[in-house]
Amino acid sequence: MSSPSLLLVTLDAGGTLLAERSSRGAMYAAVARSEGLSVTDEEMGELMREAHAKLPRELRGAWRYELAWFSSLIEEVFINTLGLERGR
């Protein structure tokens, strides 16, 4: 009789094993301001929530929270919403 093999272990680190010192909105807003964009921490948090709700769970072959999906989230907020020039 063979015992089942463990094939995959996943961890939900965000907000459980690891915690950010400031909000993600505050961190992204600081980057936006360093690029000359005018946005408060609270506004950025709301923009991120809106972009998160807008993007599908699977986008161009990347599932939610994969690097390519996060890249699309950043593009939606910084380029499409805040107007940052592409390539900066």
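Author: Happy to! A pocket here is an open set of grid points with protein on both sides within 12 Å along at least five of seven lines, and its volume is the space filled by probe spheres set on the points. Rolling a probe the size of a water molecule over the atoms shows where empty space is left. Please keep in mind that this is a predicted model.

Let us look at the second largest pocket, which holds about 170 Å³ of space. Its lining is made by Arg24, Gly25, Gly45, Met48, Arg49, His52, Tyr65, Trp69, Phe70 and Leu73. The greatest share comes from H2, with four residues. Sorted by class, the lining has five nonpolar, three polar and two charged residues.

Now for two of those helices. Two packed helices are described by the angle between their axes and the distance between the axes. Helix H1 spans residues 24-34 and helix H2 spans residues 41-54; they pack at an angle of about 110°, and their axes are 8 Å apart. Angles of 65 to 115 degrees count as roughly perpendicular, so H1 is roughly perpendicular to H2. On the H1 side, the contact is made by Arg24, Gly25, Ala26, Tyr28, Ala29, Ala32 and Arg33, while H2 brings Asp41, Met44, Gly45 and Met48. In this contact there are six nonpolar, two polar and three charged residues.

Next, the largest pocket, with a volume of about 240 Å³. The lining of the largest pocket has four nonpolar, two polar and three charged residues.

Ser72 lies in helix H3. Ser72 is buried because its relative accessible area is 8%, and buried means under 20%. Beyond its neighbours within four places in sequence, Ser72 is in contact with Leu55, Leu59 and Arg60. Glu66 sits in the loop between strand E2 (62-63) and H3. With a relative accessibility of 37%, Glu66 counts as partly exposed. From Glu66 to Ser34 there are 32 residues in sequence and 26 Å in space, C-alpha to C-alpha.

Methods: Residues numbered from 1 in each chain as written. Predicted model: local features only at pLDDT ≥ 70, side-chain atom pairs only at ≥ 80, totals over all residues. Heavy atoms only, no water. Axes fitted to C-alpha atoms, helices over the stretch in contact; angles between N-to-C directions. Helix = DSSP H or I, 4+ residues; strand = E, 2+ residues; numbered from the N terminus. Parallel < 35°, antiparallel > 145°, perpendicular 65-115°, else oblique. Contact = heavy atoms within 4.5 Å. Nonpolar A, V, L, I, M, F, W, Y, C, P; charged D, E, K, R; others polar. 1 Å grid on protein atoms, 1.4 Å probe; cavity = no way out; pocket = protein on both sides within 12 Å on 5 of 7 lines; lining within 4 Å. Buried < 20%, exposed > 50% of the residue type's maximum accessible area, 1.4 Å probe, protein only.
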